[in-house]
Amino acid sequence: MSYSRKIKEVIDEADVALFMKGTPQFVMCGNSDRALRALRRAGASVTAVDILPDPQIRQDLSALSGWPTIPQVFVKGELIGGADIIEELESSGELERTLRERLGEDYAAQRDELVVALA
Amino acid sequence: MSADRLKVLLHSAFPDADDLDVVDRTGGGDHFQVTVAAPSLAGLSLVEQHRRVYEALAAPLADGTIHELRIKTKGSA
């Protein structure tokens with residue numbers, strides 16, 4: 001079974017989509033944790049997808065994005081980067097700027113986290 | 001895989017690099033920190049810069065010899 005359609009739906013519909021190992025409540029990988037923390041610092045409301053329940057999720061995701069590693073962060077449908085880029089953008093203030101531009105000035109007014117299960 | 005082998009792959013992808021380094025972060029030959037600064041990266045977004053690094057290391061990424069890759073890139077003048 002292919003997850004491509006479901007993955008695309010999350011990427012297209014979520015303001016900020018984070019494909020990670022584990023969930024925000026139970027992070028299973030240091031790099032996913034780095035990306036999640038940077039997004040939280042920037043005040044982003046994150047829609048998280050755990051890629052671990054089925055190896056096919058990661059395969060379909062990387063085929064769609066052309067990005068080989070996890071985590072992957074998308075804002076309004078566009079790949080912004082993995083953990084290194086998100087940390088770098090956050091520390092320079094660029095991440096907040098991008099979020100404001102794409103999501104509006106008040107993007108951080110109400111911060112919440114959502115977990116979407118694909119499998 | 002040794003850091004030196006990754007360096008060879010990166011040097012052939014970025015012959016113009018001003019700064020190119022690979023550090024084996026754990027000594028286990030599968031967690032690496034890669035640094036590349038090259039004029040050919042200038043003007044590209046960070047996503048595109050990292051994509052170039054992934055392309056250069058596609059083989060060791062695909063066969064699982066690289067478990068974790070940290071990347072720092074810069075488009076140097």
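**View 1. The predicted complex and its confidence.** This is a predicted model, in which local features need pLDDT of at least 70 and side-chain atom pairs count only at pLDDT 80 or more, while totals for chains, interfaces and linings use all residues. Residues are numbered from 1 along each chain as its sequence is written, and chains are lettered from A and ligands numbered from 1 in the order in which they are written. The predictor assigns the complex an ipTM of 0.90 and a pTM of 0.94.

**View 2. The hairpin of β5(A) and β6(A)**. Strands here are DSSP runs of E with at least two residues, and helices are runs of H or I with at least four residues, numbered from the N terminus; two strands pair if DSSP finds at least two bridges between them. Strand β5 (residues 72-75) of chain A and strand β6 (residues 78-81) of chain A are antiparallel and share three bridges. Two residues lie between the strands, and K76(A) adopts a positive phi near 50 degrees.

**View 3. The open sheet of chain A**. Five strands of chain A follow the order β6-β5-β1-β4-β7, with mixed pairing. The edges are formed by β6 and β7 (113-116) of chain A, each of which pairs on one side only.

**View 4. The largest nonpolar core**. A nonpolar core is a set of buried Ala, Val, Leu, Ile, Met, Phe, Trp, Tyr and Cys residues joined through C-beta atoms within 7 Å, where buried means that 20 or more other C-beta atoms, placed from the backbone, lie within 10 Å of the residue's own. This core has 36 residues, and V16(A), L18(A) and I86(A) are among those with the most contacts inside it. β1(A) gives the most to the core, with five residues. Not counting residues up to four places away in sequence, I86(A) touches A35(A), A38(A), L39(A), V73(A), I80(A), G81(A) and L95(A) (contact means C-beta atoms, placed from the backbone, within 7 Å). Another core, of 15 residues, lies apart from it and includes L6(B), V36(B), A37(B) and I66(B).

**View 5. The open sheet of chain B**. Three strands of chain B are arranged in the order β1-β2-β3, and their pairing is mixed. Because β1 (19-24) and β3 of chain B stand at the edges with a single partner strand each, one side of each is left without a neighbour in the sheet. Strand β2 (residues 31-38) of chain B runs parallel to β3(B), to which eight bridges join it, and V36(B) stands opposite T73(B) in β3(B). α2(B) packs on the sheet, touching β2 and β3 of chain B, and its direction makes about 120 degrees with that of β3(B).

**View 6. The contact between the chains**. Ten residues from chain B and nine residues from chain A take part in the contact. On the side of chain B that touches chain A, α2 (46-56) and β3 (68-75) of chain B are the elements that give two or more residues, and β3(B) gives the most, with five residues.

Terms used:
Contact = placed C-beta atoms within 7 Å. Buried ≥ 20, exposed ≤ 12 C-beta atoms within 10 Å, placed from the backbone. Axes fitted to C-alpha atoms, helices over the stretch in contact; angles between N-to-C directions.
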